[in-house]
Every structure is written in C-alpha cells, then in structure tokens.
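Thanks for making time this morning.

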Amino acid sequence: MSPVAPIPAGGVLLHVGMPKSGTTAIQRAASQLRTELLEHGVRYPGDRYNHSLASFAVAERPRKATLATGHKKTDESHWTGLVAEVRAETERRVLISHEFFAEHPAEVCRRVVAELDREVHVVFTMRNQASLLASTWQQYLKSGATWTFDEWLDLVLGDRTGANHSFDRRTDLSGVVDKWGGIVGLENVTVVVLDRAEPDRLTDTFEDLLDLPRSLLGAVDLSGDHANRSFVASEIELLRELNLALRGSTKLSWSQFRELYRGGGIFRLLAREPGTDEATIATPQWAVDEMTARARAHVERLAASGVRVVGDLEALARPVRGVPQTPPAPTQVPLLAARALALGILEGAVELDAAAEARHRAALERATTARSVRPVPAPRGPWRTQVRTSTRATQDVPARVLAQALLGRTALRLRSLVDRSPRTKD
Amino acid sequence: MLLHVGLPKTGTTALQNAAARRRRALLEHGVLYPGTHHNHSWASFAVARRRRGWGSGPNKAAVPPISHWEDLVAEVRAAETRRVLVSHEYFAEHSATVCERVVRDLDRDVHVVFTMRNQSSLLSSTWQEYLKNGITLDFPQWLEAVLGSDEDPEQFRAFAKRTALSDSVAKWARIVGPERVTVAVLDKDNPSLLTETFESLLDVPRGLLGDVELSGARANRSMTAPEAELVRSMNADLRGHEDVSWDLFRGLYRLGAITSMLSEREPAPDEPRILPPRWAAEAAAARARGHVEAIAGLGVTVVGRLDDLAAVGPSIPEPEPTPDAVPVQAAREATLGTFWSAAKRIGALEEQIAALSAAARPPVPATDGTVRSHVRAGLVATEGIASRALVLALLGRVAVRTKRLLRRGRRA
C-alpha cells in the first residue's frame with residue numbers, strides 16, 4: 001500500500017466509525033500499545049479500550065438496552081476529562097476512537113471540534129455494506145431486540161417511510177462524510193475502505209496518519225479477541241428467544257442487566273469457538289441487492305465529493321452472495337453454547353449477589369452505628385462498679401460531649417418540672 | 001402417629017403436597033399434618049444432624065438448628081387429634097440411634113410406613129437427583145460407581161442406604177415392632193395405591209389425598225438426556241467455583257436454572273430419555289431380589305406386590321452417545337431461570353438495603369460555636385445512654401483525671 005501523508009504534529013486523529021468496520025481492531029490494538037504509542041509520539045487518552053463514555057457524554061446520549069428498566073446517563077466528566085487530557089498534550093498526536101462519533105448530530109460534532117481545540121483530522125473506516133447486514137442485526141439482538149432476521153431486514157430495507165431507524169444513520173455513508181467535511185473541512189477527512197483482499201490496509205493507514213512505524217498496530221495479535229466474533233445461527237436464535245422472554249420484565253437496573261446479560265452470558269457465549277460445520281447467518285438475496293444498490297449511490301456521492309479515499313470505494317458496493325430465502329430458525333443449539341450462556345449469566349448473578357450482599361452488610365453496619373454511641377443502660381451493683389462500667393461503656397464519647405449532654409438533660413428536666421408545677425392564681 | 005419414612009422418589013413429593021394442601025380437611029377428619037411446609041424435611045435433617053446440601057468441601061451447607069425438630073415434637077405432643085402424619089423420605093435411612101430418638105421424642109404410638117418402587121427403574125431418577133446436587137459423573141460412570149462392585153461406594157453412601165431396602169425395614173421393625181411397620185409397593189397399573197394406602201392407615205375418606213390438583217408437579221419430572229447433559233456439564237464449573245455456596249447453588253441454579261428448565265417446557269415426545277443399560281437394570285433387580293426375600297421374612301405388613309421391586313424395568317442394550325446439542329427452549333429456560341432467581345434475590349436485598357437506609361438514625365446535628373448548638377449535638381450524640389450512666393461516667397473521668405494530676409504533682 002502506498003503511504004498516506006500523516007496528519008500535522010500535535011493534531012487529533014478522530015476515528016468516528018463506522019460501526020462493525022474495523023473499529024474494535026483499532027481500539028484493541030491502540031489500547032494494548034498505549035505506552036509504545038506514547039514513545040512514538042502518539043497519545044491514546046484514557047485507560048479504557050475506546051472512548052465510548054466520552055462519546056456518549058458529549059452527545060448527552062443515555063446508555064440503555066431494550067430489556068433493562070431505565071437507563072444510565074453518562075456523566076459529563078467522561079467528556080471533559082478527555083478534553084483536559086487532549087489539551088494537556090502539547091506535542092504528541094492524539095488518537096480518539098469511537099464508532100458513534102460519525103452519527104452524532106452536527107451540533108454535537110461541532111462542539112467536539114471546538115472543545116478539543118486542536119487541528120482535528122477525521123477518519124472513517126467503511127466496509128462492504130451488504131455483508132454488514134447480518135452483523136448489524138446481531139448487534140441489535142445483543143441489546144435486547146427480538147426481530148427475526150427477516151423481520152429486521154424488512155424494517156430497515158423494505159418499503160417504509162420515515163422509520164428513522166438508527167440503521168439509517170449508520171449506513172448513510174456519504175451523509176456522515178458530508179457532515180464532518182462541513183465541520184473540519186473535506187481536506188481533513190480520510191475514508192479508509194476495508195478489503196478482505198488487503199487485511200493490513202486498516203492498520204497501515206492508521207500508522208501512516210499517525211506517523212508510526214508500519215506494522216506497529218498490525219503486530220498486535222487479536223486472535224484471542226473473541227468478544228467480537230459473529231454468532232452462529234443457533235446462538236442467535238437462542239438469544240432472540242431469551243430476549244422475547246425477558247422483554248419488559250427483567251426489573252433489573254441497566255448496570256445489573258449489563259453485568260448479567262452482556263458481561264456475563266454473551267461474553268461467555270462468544271468465548272466458545274463454534275465448529276466449522278455450524279450454520280452461520282445467511283442474508284437473503286433481495287436484501288443483498290437492496291443494500292448493494294444503496295451502497296452504490298453512496299459510492300458515487302463519495303467519489304464526487306473529492307474526499308481522500310484509501311482503498312477502493314467500489315468494494316463498499318461489491319455484490320456478495322445471498323441465499324434465496326432465510327433458512328428456518330434452528331431448534332437445537334450446541335450444548336456447549338447453552339452451557340456457556342447459562343453459566344455466564346449464573347456467574348454474573350453470583351457476582352451481583354456478592355455485591356448486593358456487601359452493600360447489605362454495609363447498610364446494616366451503618367444502621368447500627370449511624371450515631372457514634374451504642375445504648376448504655378443504667379448501671380447496677382456497688383457504687384464503684386457502677387462508676388467503672390459507666391466509664392468503660394462511654395469511653396468513645398469525649399468528656400466534652402458528655403458534659404454538654406448532661407447540661408442539656410438537666411435543662412430539659414428543669415423545664416419539664418417548671419411546666420408541670422401547678423401555677424397558683426392570685 | 002403415622003411416620004412416613006420414604007423411600008425417596010416413590011411419589012413422596014406428590015403425597016406430601018397433597019397432605020399440605022389438605023391440611024385443614026385432614027384436621028377435620030382427626031389427622032394433624034404438623035408444620036407449615038409441604039413436608040418435614042427441616043425436622044428430619046435437624047434430628048439427624050445432617051447438612052442440608054453439600055456435605056463436604058469449602059462451600060458445604062449448614063446443619064439446620066435442632067429447634068426445627070423440637071418444634072415438630074412440641075406440636076405432635078400437644079396435638080389433640082386422633083392421628084398425626086409426619087413425612088420425610090430420609091427418616092428411612094437415618095441411623096438406628098437417630099430413629100430411636102425420633103420415636104422416644106415423639107412419645108406416641110408410632111406406626112412406620114415405607115413406600116417403595118421398582119428398583120431398576122429408580123436408577124435414572126436417582127442419578128438425576130445427584131445431578132441436581134452437583135455431581136459430574138455421567139449416567140454410565142455413575143452406574144459403574146454404584147453397581148459396578150459389591151462394595152458400597154464411598155461417594156454415594158446415600159444410594160447404598162436407599163437401596164438397602166430390607167436393612168431399613170429391619171431397623172425400623174426392631175425399633176417400633178414389625179406389627180407397626182407397613183411396606184407399600186407402588187404399582188404402575190394402580191397409581192392410586194399410594195394415596196389409598198395412606199387414606200386407610202389414617203382412616204380418612206377415600207380421595208381426600210388422591211384428587212388434589214398438584215401444581216409444581218412438572219418441576220419434578222424427569223430430565224431428558226440433553227437436559228441432563230446440560231446440567232452435568234455445568235456442574236463441573238459450579239462445584240469448582242469458590243464463590244458458589246450451597247445457598248447460591250440452590251437459589252440460582254437448582255431452583256433457578258434447573259427448575260425453570262423442567263417446569264417451563266414440555267419436551268417433545270421424541271426427545272431422548274434416560275434409560276439404564278441392560279446390565280445395570282439387571283444388577284439393580286438382582287440386588288432387590290435379596291431384599292424382597294428378606295422383607296418377606298420380617299413379618300411386616302405389605303401392601304401391593306413385593307416382587308415388583310425386583311422386576312427388570314425398561315432398559316437399553318448399550319449406553320447412548322452423549323448429546324452434543326440441546327433444544328433451544330431448554331437452553332432458554334435454563335438461562336431465564338437464573339435471570340428470574342437472580343433478579344428476585346437481588347431485588348429482595350435491594351429492598352432491605354433501602355429499608356435500612358430509610359430507618360437509619362439521623363446524624364448528629366452540626367454545631368456552630370454557640371452553647372445551644374453544642375448542647376443539642378450532645379443530646380443527640382448520647383441518646384440511648386442512661387442519665388445515671390452519664391453522670392457516673394463523668395464522675396469517673398473526673399476522678400481519673402484528678403488522680404493523674406495528683407500523681408504528676410507529687411512526682412514534681
């Protein structure tokens with residue numbers, strides 16, 4: 001691949017998406033190499049694997065799943081913290097990456113650029129649109145959706161008006177490039193087109209843009225990164241069935257739901273390595289055709305816009321093989337998949353339970369020691385013993401407080417005596 | 001006093017549920033079914049000092065407090081009804097010492113009733129019981145362990161006890177006398193034999209225990225082969241998990257995942273069942289034959305056909321291959337069950353936490369330098385200390401301080 005010119009020193013490379021298009025690979029590599037990147041003049045801010053919290057915070061977008069009750073507001077500090085770290089970095093280039101920056105409303109994008117207060121170069125990663133359908137549907141199921149693949153395809157690609165589905169924002173390739181081009185200038189936008197035939201293009205381009213040695217990012221072994229693999233057909237049917245049953249009745253908070261479902265069950269489910277003979281999800285031909293036609297229109301608009309493109313735009317609209325019809329949903333699931341999902345949720349539940357137990361213990365503790373003093377009954381026995389037990393029982397209370405209390409009690413007693421004494425009329 | 005001592009897996013749950021549901025009707029007919037639970041397992045565990053759950057390992061369960069037994073005894077002794085029914089399937093296998101104490105404590109004319117069924121057909125359901133407690137042996141391995149040699153397997157002593165039919169009967173016959181022991185043998189062709197036997201023994205009208213619509217009976221159904229394999233494969237992880245106590249195992253897994261899987265789906269008729277291989281069915285039947293002969297010689301009352309215990313039940317020539325797939329519905333229910341039970345458990349804890357926080361006493365008010373505010377803070381901070389203790393404590397401190405001053409003065 002011929003080299004791509006780096007962004008100016010001290011600039012910010014903002015990787016804005018698209019979802020399911022190499023974002024996880026870049027983020028995993030960059031977060032694993034955080035220290036090495038610093039040595040090579042690049043800061044990958046924060047300590048998480050990507051900048052999702054900052055992205056949600058600046059867009060004031062709550063994190064939620066269809067199945068959890070309520071949702072979690074993302075604290076503003078996630079964004080302001082990122083901004084502070086970027087501003088404090090005066091020499092190095094900075095890489096920021098999250099796949100929802102692409103789809104944020106224009107005013108949010110403008111705020112991002114204004115607050116970062118640096119020269120911002122925006123990079124898009126994109127891939128073949130028809131082959132994205134199955135994995136995008138799976139992404140929705142991970143968040144609790146219950147559509148079958150056919151139902152979902154019909155919803156996002158069938159005849160409809162004004163559905164305003166998030167799918168539209170995530171596939172509006174030329175629209176999001178236009179939007180960002182309008183904000184940072186089209187000359188500060190790069191579109192990288194992923195291609196199976198040239199798997200290194202993704203990391204090579206980022207290395208060039210950040211003026212890093214070639215193959216620094218590419219050398220990170222992501223083979224153990226199972227969290228991002230696709231589901232096989234039986235697994236996704238199991239999840240869909242589960243979502244149907246859980247819908248609207250989990251009564252768990254968002255964070256609890258997330259820990260049980262995504263962090264527990266799905267994480268463990270994806271850790272399984274499916275057999276090569278297991279059926280994957282096949283996309284019906286009509287949907288492939290429709291998606292390819294839409295992609296073609298975007299390719300033409302992108303080509304006409306003059307934005308810098310690494311790779312072949314045509315790859316986005318290259319026809320892929322579809323099936324005449326979606327095969328019937330499996331009725332059996334591999335035992336190991338069932339086991340992984342159930343165990344993952346169990347383990348999540350065990351952790352949640354331990355956390356709740358700990359908070360319960362703490363609450364009990366607080367309830368019994370809410371005030372510094374434990375009850376002390378009136379002492380009995382010989383006089384000396386009485387003095388000793390009383391002194392010992394109140395040893396945590398400063399003498400000053402004892403004296404104040406005594407004063408107060410005497411005053412109260414006097415007042416009640418005065419109140420009770422018969423008043424003589426004259 | 002009718003003491004139903006087992007054996008396990010002989011329709012005991014159905015009978016106990018029926019008795020619990022008809023507690024009031026039984027009373028009207030002069031029979032007390034003590035307690036409020038569906039059976040008397042807590043009392044049974046308590047009197048035998050037996051752990052309820054895992055008996056060993058770092059996460060072993062606790063022995064229920066003896067008060068469970070004492071409460072039962074008190075209720076039985078105070079009973080003014082003509083008859084009392086106590087039922088738990090482990091009384092049969094308790095040690096002779098425990099059984100003697102049971103009879104002594106109850107202090108009534110105790111009549112013991114055993115329910116028994118065909119031994120070879122009991123194998124798969126007994127293995128499933130062990131599965132629900134966390135074992136990881138598959139069915140053939142387990143059969144080999146319990147039937148493969150003549151020695152009683154260390155790990156499955158309970159199985160040995162439960163199949164030593166004549167030993168249990170002889171033990172109880174020694175304690176209460178053979179004339180006070182009845183052995184009822186279940187008959188597939190006559191399913192009401194069990195309840196009818198109890199109705200006769202308790203002298204209550206026919207059908208009182210028989211026609212109870214039992215909910216939850218489905219949770220007691222047998223697992224299919226894929227379901228059992230799913231449970232078995234999960235057991236290994238859970239038993240090895242240091243954070244999984246018996247309480248959690250039971251609450252989240254056994255009553256969550258497994259119960260939900262069993263009660264919330266009806267397996268298709270063609271889903272593979274669990275049947276013992278021929279050799280195991282024959283071995284179990286051969287063992288039962290010896291017990292049948294021994295019981296016949298004990299002089300106890302037998303209802304049904306004793307020989308049925310030793311018949312060779314359904315079997316398969318060779319073990320089936322281990323399933324590597326499960327129905328989506330089974331996997332779904334196993335997962336959902338965990339969800340519900342976790343949500344319930346954690347929800348209950350959250351409620352308690354909220355209640356505790358609401359009830360927490362308000363903090364000591366802040367002071368602003370004025371005497372009044374200090375006095376108010378002092379009053380709140382010492383709430384609960386008796387005035388007398390307060391005065392004496394102050395006095396004591398003054399004394400200590402004075403003594404220290406005097407000593408220092410003397411040294412100087």
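Let me start in chain B, where L3(B) has V112(B) as its bridge partner in strand 4 of chain B, while in strand 3 of chain B the residue standing opposite L3(B) is V86(B). This is a predicted model, in which local features need pLDDT of at least 70 and side-chain atom pairs count only at pLDDT 80 or more, whereas totals for chains, interfaces and linings use all residues. Residues are numbered from 1 along each chain as its sequence is written, chains are lettered from A and ligands numbered from 1 in the order in which they are written, and side-chain values use heavy atoms, without hydrogens and water.

Strands here are DSSP runs of E with at least two residues, numbered from the N terminus, and two of them pair if DSSP finds at least two bridges between them. Strand 1 of chain B is joined to strand 4 (residues 111-116) of chain B by four bridges, running parallel, and it pairs with strand 3 (residues 83-87) of chain B, also in the parallel sense, over three bridges. Five of the five residues of strand 1 (residues 2-6) of chain B are buried, buried meaning under 20% relative accessible area with a 1.4 Å probe, protein chains only.

In chain A, an open sheet of six strands has the order 2-3-1-4-5-6, with parallel pairing. Strand 2 (42-43) and strand 6 (308-310) of chain A each have a single partner strand, so one side of each lacks a neighbour in the sheet.

Finally, C109(A) is buried at 1% relative accessibility.

Technical notes
Buried < 20%, exposed > 50% of the residue type's maximum accessible area, 1.4 Å probe, protein only.
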